[in-house]
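Good morning, colleagues. Please turn to the sequence and structure on the screen, and I shall take you through a few selected places.

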Amino acid sequence: MDKRKRLKHTVNKAKEESTMEKKMNDKSKSIHDFLPLDLIHIILLRVPIRHLARLRCVSKLWCSLISDPDFAESHLHLSLAPTHGCLVRLDDSTEAYLVHLEEVFNGDNYQLMKEVSFPFKKKPPSEFCVMGSCRGFVLLSREPYFFVVWNPVTGFRKRISCMFHRSKLRCLKFPRDALLYGFGYDASRDDYLIVVASEDGGCQHLDCLSLRTNSWISLDAALPKPLGFMKRRPRGLFLNGSIHWLCYSHKKHYSESILTFDLKERSFSKISLPEQLRMHGRIPATIVTLGGYLALCYQDFVVERKTHIWVMKEYKVNSSWILYEIPCLEFEPLCLSNGSDIIALDPTTPVSEPLKFAKYNIREELLQYFTCPPHLGQERYFFPSCTVYTESLLLLPNDIE
């Protein structure tokens with residue numbers, strides 16, 4: 001059954017239940033008597049995801065619409081204002097806080113963040129890590145035994161064994177043994193993949209774990225050599241059907257290009273950095289996604305003492321890089337909000353003070369700061385790690401009825 005037919009079947013069933021319920025209760029008119037179902041569907045697709053949970057309670061029809069897997073998929077792509085969560089994990093501990101980035105600067109300071117428990121059956125030891133995010137899912141790794149795929153919005157979680165024996169003598173441990181790794185989605189196969197490059201016996205290998213089949217696949221893609229230069233930042237970034245890593249020169253120790261792995265074609269390619277950025281040579285850069293665009297960030301410590309953010313407005317078109325200059329040196333971008341606000345972590349906060357977030361409006365060139373509540377004192381996490389995810393209602397393909 002295709003998506004359109006499934007949705008129609010869901011709606012018709014909900015309408016029947018809603019009609020029966022109305023006859024049993026009273027004869028008053030409801031919103032369904034005034035608005036066409038298609039229009040209600042369109043309106044709900046534009047509602048911010050955090051409010052949809054409450055709207056499920058309006059009627060059985062609305063509950064069925066919002067709970068439909070195809071609605072979740074459409075909402076991810078059609079929402080007018082995608083929202084982002086940021087998991088701030090305290091240094092080398094099991095404590096973490098969830099920050100709703102879109103609401104950071106609206107003044108409701110104490111409702112923006114809450115302490116969260118990671119979705120482990122037992123309280124996890126510190127030997128686990130957040131390996132990335134993709135389409136609303138956060139990937140966790142409990143070394144060396146299993147992965148957990150978690151949707152913080154819905155509470156959905158799935159535990160997957162990550163035990164992988166490259167040979168009879170050695171079991172790979174993640175992410176410790178990974179030269180590079182990444183978490184992404186292959187739309188052509190409707191499958192989430194964990195891609196891992198590793199080395200065993202002097203040979204480099206590329207494998208992926210399919211979450212649809214819960215099995216490892218050995219890939220034939222030619223690995224760039226050597227991969228040792230990826231060890232500096234082995235975690236990849238998913239965007240446009242590919243996982244991205246920032247390459248570093250093996251000798252000069254600065255970024256030289258972006259390595260991409262296409263999950264559909266199962267092949268590697270490279271994206272050139274802006275010529276002006278390559279000229280800075282030794283200035284390290286990081287990659288992020290801003291509003292669905294690939295972006296590079298680096299700090300100019302010597303000349304202008306600013307943060308430079310390069311955004312690729314057309315994917316894989318080298319001439320489309322655009323530069324934005326942020327008038328501060330320490331600015332670690334997390335996401336793009338409302339089409340023009342770059343929200344970032346401010347790492348300059350003294351150790352004895354709470355964390356700070358910054359927001360830079362690229363249209364008005366306005367820089368603002370937000371200080372976290374006092375109970376999130378900086379002394380509790382010297383090196384906080386942040387993982388940003390786009391909030392969604394999605395389930396994994398195999399968990400859709």
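Predicted model: local features only at pLDDT ≥ 70, side-chain atom pairs only at ≥ 80, totals over all residues.

Setting aside neighbours within four places in sequence, Ser392 is in contact with Ile49, Leu76, Arg135, Gly136, Asn151, Val153 and Thr154. Ser392 itself is found in the segment that comes after strand S26, which covers 385-390. Is Ser392 buried or exposed? Its relative accessibility is 2%, and because buried means under 20%, Ser392 counts as buried. There is also a polar atom of the Ser392 side chain that lies 3.4 Å from the backbone nitrogen of Leu394.

One of the contacts of Ser392 is Ile49, and Ile49 is also in contact with His75. His75 belongs to helix H5, residues 69-78. With a relative accessibility of 5%, His75 counts as buried too.

I turn now to a sheet. Which strands form it, and in what order? Four strands make up an open sheet, ordered S18-S19-S20-S21, with antiparallel pairing. At its edges are strand S18 (285-290) and strand S21 (321-326), each of which pairs on one side only. On average, and with direction ignored, neighbouring strands of this sheet are turned by 25 degrees against each other.

Strand S19, residues 293-299, and strand S20, residues 307-312, run antiparallel and are joined by six bridges. As an example, Leu296 has Trp310 in S20 as its bridge partner.

Notes
Residues numbered from 1 in each chain as written. Heavy atoms only, no water. Helix = DSSP H or I, 4+ residues; strand = E, 2+ residues; numbered from the N terminus. Buried < 20%, exposed > 50% of the residue type's maximum accessible area, 1.4 Å probe, protein only. Polar contact = N/O pair within 3.5 Å; in protein donor to acceptor, adjacent residues only side chain to side chain. Contact = heavy atoms within 4.5 Å. Pairing = 2+ DSSP bridges. Axes fitted to C-alpha atoms, helices over the stretch in contact; angles between N-to-C directions.
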